[in-house]
Amino acid sequence: ARALLGLPAQGRCVLFVGNDFHKKGLPTLLAALAQLPADAFLAVVGNPAQQVLVEDEVQACGQRERVYFLGALSRVDAAYQAADCLAHPTLEDTFAMVVLEALSHGLPTVVSSARYCGIAAELHDGEDALLLEDPCDTQALAHALNRALTDTALIIQLRQHGQVLARRHLWTQIAQ
């Protein structure tokens, strides 16, 4: 999946998926990137027109070589398969299907609390996802992502519990 997307074969991939980069928290994520392990990099999926709107933040973070803009993908499956975790530090999201999709792919997920993101009301911090009380808190985001990338026991737990939660939201279940 990484080769298909032009991403590095080695290292830890943090995935961001969103079409409104500012509203979905990409500037905070870019600032947090400098605090992640040196082998970590960021893959950004979304509206390519948004890239120009965050160029200043990309330059300011000093991590340009660690940021990969993938544009809009017709199928995001490859990005989920290439990633080691999902970051969704959104300032506003009524539900966040991207979080549910990431959980279904077994990705440890860092997401804003229910105050900012609807799906977080169904998540338990440290059990099926890591929740951010303040999505603008760069330190908290970096700390949570570090845990989601390096804490093996936590990664296993987040993957297992996240997939269980995702299975409860299958369209066949919702329809019933």
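This report describes a helix, a set of aromatic rings and one histidine in a predicted model.

Residues are numbered from 1 along each chain as its sequence is written. Local features need pLDDT of at least 70 and side-chain atom pairs pLDDT 80 or more, while totals for chains, interfaces and linings use all residues; side-chain values use heavy atoms, without hydrogens and water.

**Helix 2**

Helices (H or I, at least four residues) and strands (E, at least two) are DSSP runs, numbered from the N terminus. Buried means under 20% relative accessible area, exposed over 50%, and partly exposed in between (1.4 Å probe, protein chains only). Helix 2 (residues 26–33) is largely enclosed by the rest of the structure, because six of its eight residues are buried. Among them are Leu26, Leu29 and Leu33. The partners against which the buried residues pack include strand 1 (12–17) and helix 6 (138–150), where contact means heavy atoms within 4.5 Å.

**Aromatic pairs**

Rings of Phe, Tyr and Trp (its six-membered ring) pair if their centres lie within 6.5 Å; planes under 30 degrees apart count as stacked, over 60 as edge-to-face and the rest as tilted. The count comes to three aromatic pairs, including these two:

| Pair | Centres | Planes | Type |
|---|---|---|---|
| Phe16 and Phe21 | 5.8 Å | 80 degrees | edge-to-face |
| Phe41 and Tyr68 | 5.6 Å | 75 degrees | edge-to-face |

Phe41 in strand 2 and Tyr68 in strand 3 are 27 residues apart. Phe41 is buried at 4% relative accessible area, whereas Tyr68, at 24%, is partly exposed.

**His105**

His105 lies in the loop between helix 5 (97–104) and strand 5 (109–112). Its relative accessibility is 31%, so His105 counts as partly exposed.
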